[in-house]
Amino acid sequence: MKRVQYDRHGGPEKMYFGDYDLPPAGDGEVRVSVSAAAINPLDWKLRQGAMKLFTGRRFPKGMGTDFAGIVETVSGGVVDFRVGDEVFGMMDFKRSGAFAEAVLVEAAHLTKKPPQLSFAEAASLPIAAMTAWVAIIDRAKARPGARIFINGCSGAVGALAVQLAVSRGAHVAGACGPASRESARAAGVAPLFHYSDSQAYTRQGTYDAVFDTLGTLDVGHGFAMLNPGGVFVDINPTPARLLRGVLSRRYKLAFATMGIKHLPEIAELAGNGTLRPAIGLEAPFTDALAAIADTETGRRTSGKTVLTF
């Protein structure tokens with residue numbers, strides 16, 4: 001089969017379409033024919049070598065983590081899926097390769113696709129929705145009346161975080177760019193600020209949680225925005241940010257992998273319309289190299305870019 005892969009770490013020029021044979025499914029694994037795969041920043045960060053200490057030195061390596069498709073093969077020990085099921089999920093980042101015609105994935109990383117969602121919509125959910133779930137439900141403890149500030153409230157993670165928080169009865173304030181103000185307001189964000197207007201939103205009052213999806217909000221300023229007992233939730237833990245936050249019980253990290261067990265709940269919420277993924281572009285798999293490069297360099301910024309097969 002064909003997949004997007006690379007032979008050494010580096011920029012977009014290292015990607016190419018290569019031939020690849022999937023190994024036989026092991027216990028607990030499912031082979032899925034890919035119908036759609038969404039592009040995430042994690043994909044090019046892995047190619048750049050950001051996590052090479054964990055991904056090993058064996059090449060070629062495949063790209064892509066989020067996907068949706070149809071079950072082709074079910075191995076021993078798998079009881080929740082059957083051949084022909086429509087599913088979506090994510091690959092372990094150590095075994096990336098969702099930008100491919102078929103994938104082999106652990107059954108625990110899959111859930112059934114609601115019939116109300118297209119394959120492209122389902123593929124755009126896993127990393128963004130699981131990250132938002134961990135940040136808003138597990139860390140921020142969204143609840144009726146809670147006040148939550150989301151920096152980057154219109155991005156892939158931020159928009160889903162807003163939807164989750166509002167669905168739990170929380171009041172959401174946030175910051176975004178001018179092109180996204182209308183959609184953010186429609187989602188229930190109020191008050192709403194420009195990214196650069198940090199003096200305004202840090203004076204707005206205090207919050208039960210501050211969620212920085214962008215890594216641009218100073219941790220100290222984030223702490224100053226919190227009520228006693230409030231938490232600062234981070235998904236961009238640079239060494240400097242960790243050093244500033246690690247000594248405080250108010251500093252919480254949130255990663256997508258912490259939310260894999262919530263995939264069925266995410267599917268249910270997407271099926272009933274509580275979670276609404278935003279797709280900016282659907283590109284055919286044959287255009288994958290250009291679509292990935294455009295997304296990576298910021299030439300596509302509105303909604304998810306999804307490869308279709």
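A search of the whole structure finds zero disulfides, a disulfide being a pair of cysteine sulfur atoms within 2.5 Å. Cys153 takes part in no disulfide, and the nearest cysteine sulfur, in Cys176, lies 4.3 Å away. In general, a disulfide is a covalent bond between the sulfur atoms of two cysteines.

Cys153 is buried, with a relative accessible area of 3%, and Cys176 is buried at 0%. Here buried means under 20% relative accessible area, exposed means over 50%, and partly exposed lies in between, using a 1.4 Å probe and protein chains only.

## Basis of the model

This is a predicted model, in which local features need pLDDT of at least 70 and side-chain atom pairs count only at pLDDT 80 or more, while totals for chains, interfaces and linings use all residues. Residues are numbered from 1 along each chain as its sequence is written, and side-chain values use heavy atoms, with hydrogens and water left out.

## The nonpolar cores

The largest nonpolar core has 53 residues; such a core is a set of buried Ala, Val, Leu, Ile, Met, Phe, Trp, Tyr and Cys residues joined through side-chain atoms within 4.5 Å. The residues with the most contacts inside this core are Ile136, Ile148, Ile150, Cys153 and Phe211. Its largest share, 10 residues, is supplied by helix α4 (residues 126-139). Helices (H or I, at least four residues) and strands (E, at least two) are DSSP runs, numbered from the N terminus.

Leaving aside neighbours within four places in sequence, Phe211 is in contact (heavy atoms within 4.5 Å) with residues including Ala135, Ile136, Phe149, Ile150 and Val233.

## Helix α4

Helix α4 has 14 residues and reaches 18 Å from its first C-alpha to its last, close to the 20 Å expected at 1.5 Å a residue. The expected span is 1.5 Å times one less than the number of residues. The helix is mostly covered, with 12 of its 14 residues buried; among them are Pro126, Met130, Trp133 and Ile137. Lys141, which follows α4, has a positive phi, near 55 degrees.

Strand β1 (residues 2-6) is mostly covered, four of its five residues being buried. The strand pairs with β2 (residues 15-19) in the antiparallel sense over five bridges, pairing requiring that DSSP find at least two bridges between two strands. Asp19 in β2 is the bridge partner of Lys2. Two bridges also join β1, again antiparallel, to strand β4 (residues 61-62), where Lys61 stands opposite Tyr6.

Val4 is found in β1 and counts as buried, at 0% relative accessibility. Not counting residues up to four places away in sequence, Val4 touches several residues, including Tyr16, Lys61, Phe99, Phe285 and Ile292. Ser196 is 192 residues from Val4 in sequence and 37 Å from Val4 in space, C-alpha to C-alpha.

## A buried loop residue

Asn40 is placed in the loop between β3 (29-38) and α1 (41-48). Asn40 is buried, with a relative accessible area of 3%. Not counting residues up to four places away in sequence, Asn40 touches Thr65, Asp66, Ile127 and Lys304. Of these, Ile127 is also one of the buried residues in α4.
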